[in-house]
Structure formats: structure tokens, C-alpha cells
Amino acid sequence: MDNLQLLTYIVVGATFALYIGIAIWARAGTTGEFYVAGKGVHPVANGMATAADWMSAASFISMAGLIAFFGYGGAVFLMGWTGGYVLLAMLLAPYLRKFGKFTVPEFIGERYYGNSARIVAVLCLIIASITYVIGQMKGIGVAFSRFLETSYEVGLYAGMGIVFIYAVLGGMKGITYTQIAQYVVLIFAYTIPAIFISLNLTGQAFPQIGLGSAMADGSGQMMLDKLDQVVTDLGFHEYTTQARLSGLNMFVYTMSLMIGTAGLPHVIIRFFTVPRVRDARTSAGWALVFIALLYTTAPAVGAMARLNLMNTIQTGEVGAAEGNLVYAERPQWFKNWETTGLLKFEDKNGDGRIQYYNDKNPEFAAKAEAWGWQGNEMVKVDRDIMVLANPEIANLPNWVIAIVVAGGLAAALSTAAGLLLAIASSISHDLLKGIFMPNISERSELMASRIAMAGAIFVAGYLGLNPPGFAAGTVALAFGLAASSIFPALMMGIFNKRMNKAGAIAGMLAGIGVTLFYVFQHKGIFFIKDWTYLESWGQNWFLGIEPNAFGAIGAVVNFVVAYLVSKITAPPPEHIQHLVEHVRVPRGAGTATGH
Amino acid sequence: MLNESAQAYWRANLRLVAFCLAIWFLVSYVFGILMVEQLNTFQLGGYKLGFWFAQQGSIYTFVILIFFYAWRMSVLDRKYDVHED
């Protein structure tokens, strides 16, 4: 075992021991503690836990990689996954906290007076959450497969075991305190390498400033200008203006992620755990502060990783015979990632050197051919490896690399735990206690939710072994589903007194139906590639919008259908209208009760 | 039915939300996406301005907006006497 691997085992082992220790110390004894941590969590602490809960493997591992290759277009993830907190703080969190129950379907069931709405909400919640968990499982698998040098499967089993221990034992109370520790681990893991790399390239310690500063190589050239030049020299699109498909697609994509963030049940239930309504507002602000620390660093990580990667391969003048890295002299990180299969080189022109350029750009490809280049030889560069490989590409010390592994695992595990709790509570609290077994004792309910959580871990683990797409792509889809079903139903429940049961149910079904139709049409039913349909309609046929961005369209369909149906059906009963008036004012928010 | 004060409180809340969401929309969708090319003709240090809004500025604005909203709402809560404790 080499030095790096030993260090990695020590750091990851120590953080896991910490999480499990906290979970045992804070184990939940009552359903209140299990579902919402007894509502005693300070808004700053809750904000930090929310940040960890919500920043997933996609944020930590995938996002900077996506930005590195999408350039400016990566902004959809940056704005989309932060802007949703504005919606949450102003449109949902304080009112749902005032309502004072345990789960999201519980609000929908009560507001739309009946079990049918509640069951539809549980269904939407489970589909969105499971889709999201798949992304986490992929992230866990990627992190383990590289650094513990085990197979992807073994890494996944280990991750499932850890989540099982602390989520099942601790419930929300255990998860909240564990997540605070995980936030600290992941933010250090993310910013330390970023600071090192920023210092290396620009001499600025803050990556947010470094990205907008001049190169430290004495040329006086701005870092972003340099990057633009390096990528365009190899036929790629200019980094700072490279849009994601089209302006309209970016607009809709960003909107989907924002609405989806505000509609994801595991994020919403975090705001049930604060003591008062006004704490729900500030807690959303604190959550965003902690999230912004990572999200404003990510653009620097992405851009600098791209620059370092290009410079590693294109060592000299573009087009000169000596200008490219000799394959036999490739650095150690290159070899390590090759063994995972996530990085692949193919010597197309047989010169023993690596040519990495955009062969899909016909003008540049013609020029390249004149130099004897016969196609892009980096045949696979998995975007998900960028953050994990980044410290190695930049030659940072081994302990930094070890911390990054621990951080990636913290991000994936904290989110997985939060999601599993949301799934378990909707099964045990909404389906069992709320609908099928109203007389269940608190003890049995607690047991049922632990069993449900264990079941959810196995399902998630199985799907993690057969993962569709990139981690962030899969996650983006979960956002689309939450955006098209849950968010509109909640928002109309608070802001439109006239909204009734028929309208809400029709809206949710129409919204999620349209979104699933579009996504499955592109990616296959349940992401099984062979099960696509209507292929003759072509890709992104609706206004050039990609399937991951379709949630916003689904949300619009939801709003419109719900409004029209509610207009032609009877208004909700009087006590429901009183309920709406009740949630609109902060006073009288007691500690929550289970029913 | 709600009394007049509670209705006035709700209307004041809606005005505040509308104001905050207008800024939210402006910094992200307008500056970051719709007008990004025009703004990119300006520089902020080494950043093109539109690019900066899309990848940095909008996020800072979101944080400020939420705390601003929370602070204005706590003032409104007291003014209309619907605050807790």
C-alpha cells in the first residue's frame, strides 16, 4: 500500500468514525426526533445541515467538471441550484413551518382535504427522491473505485452500510448533527485544493478573485483570457461565451433547477426542524451562505482544472511535432484514472504523443490533419473525474488528495441520508399512519420507518449498480420531477385560496406526466436505453429544450391545468380556507404534532 | 374571513416578495442569460461582466436578498402584530 492510499484510508476512516459517533450520541427516541429532530435546531446549525444535505455528489464531484467542459453554460447549475433558495425562503418555508407537520405529503393531504392528494404527493416524492438517490450512488461508486482502489461495486456496498448505520439509527436528529460535521469536512475538502490551485496559477488565495485575475506567470494575461485562448487554439468553443445549446434552453434549464430545488422534499423538511417561523426564513439564508461558499468556488475550480488539463497535454506550440505530451511520459494521475476506465487514450496517428483537440470542428480538424493529427486521441474524459483528479493534476500534496476523497464521500452520504429519510417518512408516516394504519403506535411507526429506510437503501443500492447517465444529469432529472409536481401544488396551496383538490391533483399528474413523457421519450422508460419511443421526433424537439431542462415546462403545465380545473370545480370547503389564512401569519406556530 | 389588518399584512408581504423576486429575476435570467452578450462587453477585473453575473454575482445577490426579506418580514410581523413570542 503506498503512502497516498494509506493516508486516504486514515482520513476517510477518521471522518466515518466521527459521523457514526455523532449518530450514536444523538439517536432518536421519538417519532418527533426521528422526523424533524424535535424542532429544536438553531437556524445557523440548521442552515449548515441543510447545505450538507443538499450539496450532493453532483455539487461536489460533478458540477465543477461540468463547468470545466461547458464553460459559461455551466452557469445553469450555479444559478439553478442556488436561486431555488430564494423561492424557498419567500414562497414555501415559513408557511410550511407554520403549518407544523412532519412531511410534505401531510401538508398536501390536509390542504387538499383527502388521501387521494396525499397519495399522489407520496408517489411524486418517491419518484423524484429515488431518481436523485441514483445520482448519489454513482458518486459514491466513482469516489471509492478510484481512491480505495476497490471495484465500483464494493465501494457502493461500503457506502450503503455506512448510510444504513447512521441514518437508520439517528433519524433526523442524528442526521442533522452528522450533516454539520459533514459540511465542515466537505467545505474544507473543496476549498483547500481550490486555494492551492488559485495561488499556483494567479497568486490569489481566494479562488473567486483568482478566476478574475491575471496569470502569475508574469505575462500579465488575465486567467480567463488565457483559458479562452488555450481552448480556441485547439478548436474548442471560447470558454467564457460557450452557451448550453441556446439561450432559451439555458433559461428553462435554470428555471427547472430553481423550482426543483424549492420542491425537493428532503430540502423542504429541513425547515420543519427550526423552532419558529422567522427562523425558517433566516435558516434558508444561512443555508445559502454555506452553499455559496462552495458554489462561488466551483467556477474557479472548473476553469482552472480545464486550463491545467489542456496545458498538461498540449505542452508546447499547437501544431508543432514536439508540442504534445509523449504518452509514455504521462503523469501518474493519468495512469491511475486510465485503470478506472474513466479516462481513455487511443494513439490514432501512431506518433506516441497525445493530441487532445476538438475534431468535431470541421475547420480546425482540417488544419489538424495537415499536422498529421488523425482525430482527438483523448477518446474518453469522464467529466465526473475532474474534481477528484484536480489536486493530482496540479501536483498538490497527498494529504490534500486524501481530504478531497473524504469530502466527496461526505457530500454523497449526507445527501443520500437526507433523501432516504424523506422517502422513509413518507412511507411510514403518510402511507402507514396517515392512510392505512391510523392506530399504529409511535413505537411501531418508528420501527416501520426504520424498515422503510433500510428497504430504500437496498433499492437505491441496486439502482446504483445500474446507473444511468452522469451523476449531475440524473440529479437534474430529479429536479425536473420535483419542479413539475410538488412545488406548484405547495405554492398554490399557500397563495391561492381558491385552489381545490381536483385542481391540485390534476395539476400534479399533468405536470409530472408531461415531464416523464419527454424524459423517457429521450432516455428510455426507466432509463433503459432500448425502451425509447417516438425516436423519429428527433432530439430536443420541443423548442430545442433538452430533457433535463424540461421540469420548468412541466411546472407551467401543472399551474395551468390546476388553475383551469379548479375554476370549473367546486371551491374548497370553508375550513380549508381558514387553514390557508392560518398558515399565512407567523403567530401561533406551536411545536408540531404528528397529526 | 380575515380581518383588515391581516389582509394588509398579506398584501405587504406579497409586495415585498414581488420586489425581491424581480431582483432575483434580473440578476440571474436577465443579466446572466438574456443580456449576457451585451454585458460581456464590459469587464469586471478579469471577468466579462455577463459571465460574472452568471457564475458569481447572481449567487451573492441571492444571499443578500434572503436576509433582506427575512429582515423586512420581521419588521412587518411586528408592525401588524402577528409576530411570535
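Author: Axes here are lines fitted to C-alpha atoms, for helices over the stretch in contact, and angles run from 0 to 180 degrees between N-to-C directions. With that in hand, we can look at this model, which is a predicted one.

Reader: What makes helix H11 and helix H22 of chain A roughly perpendicular to each other?

Author: The axes of H11(A), residues 247-263, and H22(A), residues 551-568, come within 7 Å and cross at roughly 70°. Angles of 65 to 115 degrees count as roughly perpendicular, and H11(A) and H22(A) are therefore described in that way.

Reader: Which residues meet where H11(A) and H22(A) come together, and of what class are the residues in this contact?

Author: From H11(A) come A:Val252, A:Met255, A:Ser256 and A:Ile259, and they meet A:Gly551, A:Ala552, A:Ile553 and A:Ala555 of H22(A). By class, this contact has 6 nonpolar and 2 polar residues, with no charged ones.

Reader: Why are H1(B) and H3(B) called roughly antiparallel?

Author: These two helices of chain B pack at an angle of about 170°, with their axes 8 Å apart. An angle over 145 degrees counts as roughly antiparallel, and H1(B) and H3(B) are therefore given that name. Their contact has 18 nonpolar, 6 polar and 2 charged residues.

Reader: How do you know that chain B and chain A are in contact, and how many residues take part?

Author: Contact requires heavy atoms within 4.5 Å, and 44 residues of chain B are in contact with 56 residues of chain A. The two chains bury about 4400 Å² between them, 69% of it on carbon and sulfur atoms. Of the area that chain B buries against chain A, B:Trp10, B:Ile66 and B:Glu84 supply 15%, which is more than any other three residues.

Reader: Which elements of chain B give two or more residues to the side that touches chain A?

Author: They are helix H1 (4-34), strand S2 (47-48) and helix H3 (49-79) of chain B, and H3(B) gives the most, with 17 residues. By class, this side of chain B has 28 nonpolar, 11 polar and 5 charged residues.

Terms used. Residues numbered from 1 in each chain as written. Chains lettered and ligands numbered in written order. Predicted model: local features only at pLDDT ≥ 70, side-chain atom pairs only at ≥ 80, totals over all residues. Heavy atoms only, no water. Buried area = accessible area lost by both parts, 1.4 Å probe. Helix = DSSP H or I, 4+ residues; strand = E, 2+ residues; numbered from the N terminus. Nonpolar A, V, L, I, M, F, W, Y, C, P; charged D, E, K, R; others polar. Parallel < 35°, antiparallel > 145°, perpendicular 65-115°, else oblique.
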